[in-house]
Structures are given as structure tokens and as C-alpha cells.
Amino acid sequence: MKILENKTAIITGAGSGMGKAMAILFAKEGANVIVADLKTERVDSVVNEIISAGGKSTGVTVNVSNEEDVKKMCDTAVNTYGGIDILVNNAGVMDDFTPVGDVTNDLWNKVIGVNLNGPFYSCRIVVPLMMKKGKGVIINISSIGGLNGARAGAAYTASKHAINGLTKNIAYMYGKKGIRCNAIAPGGVLTNIMEGATPNAFGYERMSGGFATNIRMAEPNEIADLALYLSSEKSSFVNGSVIVADGGWTAY
Ligand SMILES: NC(=O)c1ccc[n+]([C@@H]2O[C@H](COP(=O)([O-])OP(=O)(O)OC[C@H]3O[C@@H](n4cnc5c(N)ncnc54)[C@H](O)[C@@H]3O)[C@@H](O)[C@H]2O)c1
């Protein structure tokens, strides 16, 4: 039997990078995968790839910072596959390494909206559904920027520190209800996250001093493998953890 046979997983930001790698891997392991992303062409491409390989997948175009969109995403999972077993809050955006003195309200609201409000909206919908089933897994994609001070700018750093707190709170509050909630804190991963970025010169200069200590960048599938473990029964005693996967960068 495949690891995620008969499970339904929602993966946000599944059109690219780590989310795409997770969607393809989870489908290969038998899951029904809801591919959710802001970009419809990416959604269609990933869904087609999964279906061509013999997997089961449904796409939803969603802006996770919009509560109505998140509701539509969760409804699609329930109406198509009968429930939600796994939620991966992966969609995220960078902040051009902007230090607090230069952060506009628009930038702050955008980054917090996607990286924090989105996971909050989806967890609020999914937790009661999982409680009814008596089980469920939530994985929030954080960052080593959520454990350290200057891997990004102020808004991104704050959003990822906050998602770690949300993760631990959910884990403890609902642990006795059969729900496990963990976060993954990746280091540098080769994805499209810097697409269209216009780095803040001062913020970039301050942040990039730490680049020399990075051992290497990861491929997205290296993070997807960890997400598969956290989604499976193999991690049954792992709850409320923020698991660093950074190739040793922060061990320095
Ligand atoms: N790449 C890295 O080095 C790195 C390191 C640590 C953490 N992360 C985190 O990993 C997660 C995945 O990022 P990635 O590196 O794979 O990036 P990526 O840009 O390759 O993929 C992110 C996907 O999210 C989608 N997205 C963006 N805003 C969205 C929204 N409002 N609603 C729905 N979808 C949206 C994008 O269209 C894109 O397809 C993010 O949360 C990011 O913060 C990335």
C-alpha cells in the first residue's frame, strides 16, 4: 500500500518550487491532491502532470490571503474527495529583504496576508473538519528566517516567526483530538521565490553577509520528502515541532 493511499491533501502554492514537488510526490504516494495556487497556468500544468502519471488531482486557483478563496479551496477538497486529511500551508512570498524603516503598509500587508493570514484562514476551516474525523495533519512551511533575525526583511521574518507560534499553539490545543501540526523551516532552496524581486539595497547588504556560511542550496524534492514523512504515520509522535532542513547552514 502506498504511504498516502486514500488520503486527501491540500497543498497551497503547489504551482512551483517546494509545493509542486510535494504535490507530485504526495500523488505518487496515493493521495488525492488539491493543487492550489495563485497562478492558474501553474495549477493546470501540475494537475496535468499528476494525472498523466496516473495520480488523482484537482486544481483550484486561489489567493490564500483572501478568506473567500480559502473557503472555496477547502470546499473543493470536501466536495470532490469527501474530506481533508492533510493541509500543507506552503504558499509564501518574499519581502525584498526590506528593513523595517523602509517597509510600506502595502508590503507589510501583502507579506503577512499571504504568509500568515492565509495559513490562519485555512487552519480555522480545516481544524474542525479534522476534529470530526478524530485525525489530521497540518504542515506549515516556515523558514530558517522564522528562527533567526536576518535571513530576509522585517515582514517576512515576522511572518515566519509568527507561523511557528501558530503551529505550536494548534499542536498543543488539538493534540488530544488527533491533530498533529508541525512546521518545516527550510534553508536555501532552488525555487522561483525570487522571481521579480527588486532587493532593498541596504537590507540585502545586511542580510547577504551570512551567505558565505551556507553549505549548499537544496532541491525542492529534499523538502518534499520531509513533508511526506510529517504527513505519514511514521511521524505519529512528532507534533508542535519546527523542523529545520537547511543542510547545516544554521549549525554554524
Ligand atoms: N526557496 C527558499 O529558499 C525558501 C526558504 C525557506 C522557506 N521558503 C518558503 O517555502 C514556501 C514555498 O516557496 P518556494 O520557495 O517553493 O517558492 P515559489 O515561488 O517557487 O513557489 C511559491 C508558489 O506560491 C504561489 N503563491 C504566491 N502567492 C500566493 C497566494 N497569495 N496564494 C496562493 N499561491 C500563492 C506562487 O504562485 C508560487 O507558485 C514559502 O512559504 C517560502 O516562504 C522558501
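Modeller: We begin with a definition: a residue is buried if 20 or more other C-beta atoms lie within 10 Å of its own, exposed if 12 or fewer, and partly exposed in between. Keep in mind that this is a predicted model.

Colleague: Is Asn 109 buried, exposed or partly exposed?

Modeller: Asn 109 sits in helix 4, which covers residues 105-133. It has 13 C-beta neighbours inside 10 Å. The cut-off for exposed is 12 or fewer and that for buried is 20 or more, so Asn 109 counts as partly exposed.

Colleague: How far apart in space are Asn 109 and Lys 234?

Modeller: In sequence, Asn 109 and Lys 234 are 125 residues apart. In space, taken from C-alpha to C-alpha, the distance is 37 Å.

Colleague: Now the helices. Are helix 3 and helix 4 parallel or oblique to each other?

Modeller: Two packed helices are described by the angle between their axes and the distance between the axes. For helix 3 (residues 67-81) and helix 4, the angle is about 45° and the axes are 9 Å apart. Angles under 35 degrees count as roughly parallel; helix 3 and helix 4 are therefore oblique.

Colleague: Which residues of helix 4 meet helix 3, and how many charged residues does the contact have?

Modeller: The crossing of helix 3 and helix 4 is right-handed. On the helix 4 side the residues are Gly 118, Tyr 121, Ser 122, Ile 125 and Val 126, which meet Glu 67, Val 70, Lys 71 and Cys 74 in helix 3. By class, the contact of helix 3 with helix 4 has five nonpolar residues, two polar and, as asked, two charged.

Colleague: How many nonpolar residues are in the contact of helix 4 with helix 5?

Modeller: The axes of helix 4 and helix 5 (residues 154-174) cross at roughly 10°, so the two helices are roughly parallel. Among the residues in contact are Trp 108 and Phe 120 of helix 4, and Ile 163 and Leu 166 of helix 5. By class, the contact of helix 4 with helix 5 has two polar residues, one charged and 17 nonpolar.

Colleague: Are helix 1 and helix 2 parallel or oblique to each other?

Modeller: Helix 1 and helix 2 (residues 40-52) pack with their axes 10 Å apart, at an angle of about 25°. Lys 20, Ala 23, Ile 24 and Ala 27 in helix 1 meet Val 46, Glu 49 and Ile 50 in helix 2. The angle is under 35 degrees, and the helices are therefore roughly parallel.

Colleague: Last, the ligand. Which helix gives the largest share of the shell around it?

Modeller: The shell divides into eleven nonpolar, 14 polar and three charged residues. Of the 28 residues around the ligand, those that come nearest include Gly 13 and Thr 191. The largest share, three residues, comes from helix 1 (residues 17-28).

Key. Residues numbered from 1 in each chain as written. Predicted model: local features only at pLDDT ≥ 70, side-chain atom pairs only at ≥ 80, totals over all residues. Near = placed C-beta within 6 Å. Helix = DSSP H or I, 4+ residues; strand = E, 2+ residues; numbered from the N terminus. Nonpolar A, V, L, I, M, F, W, Y, C, P; charged D, E, K, R; others polar. Axes fitted to C-alpha atoms, helices over the stretch in contact; angles between N-to-C directions. Parallel < 35°, antiparallel > 145°, perpendicular 65-115°, else oblique. Left-handed = near helix turned anticlockwise from the far one by under 90°. Contact = placed C-beta atoms within 7 Å.
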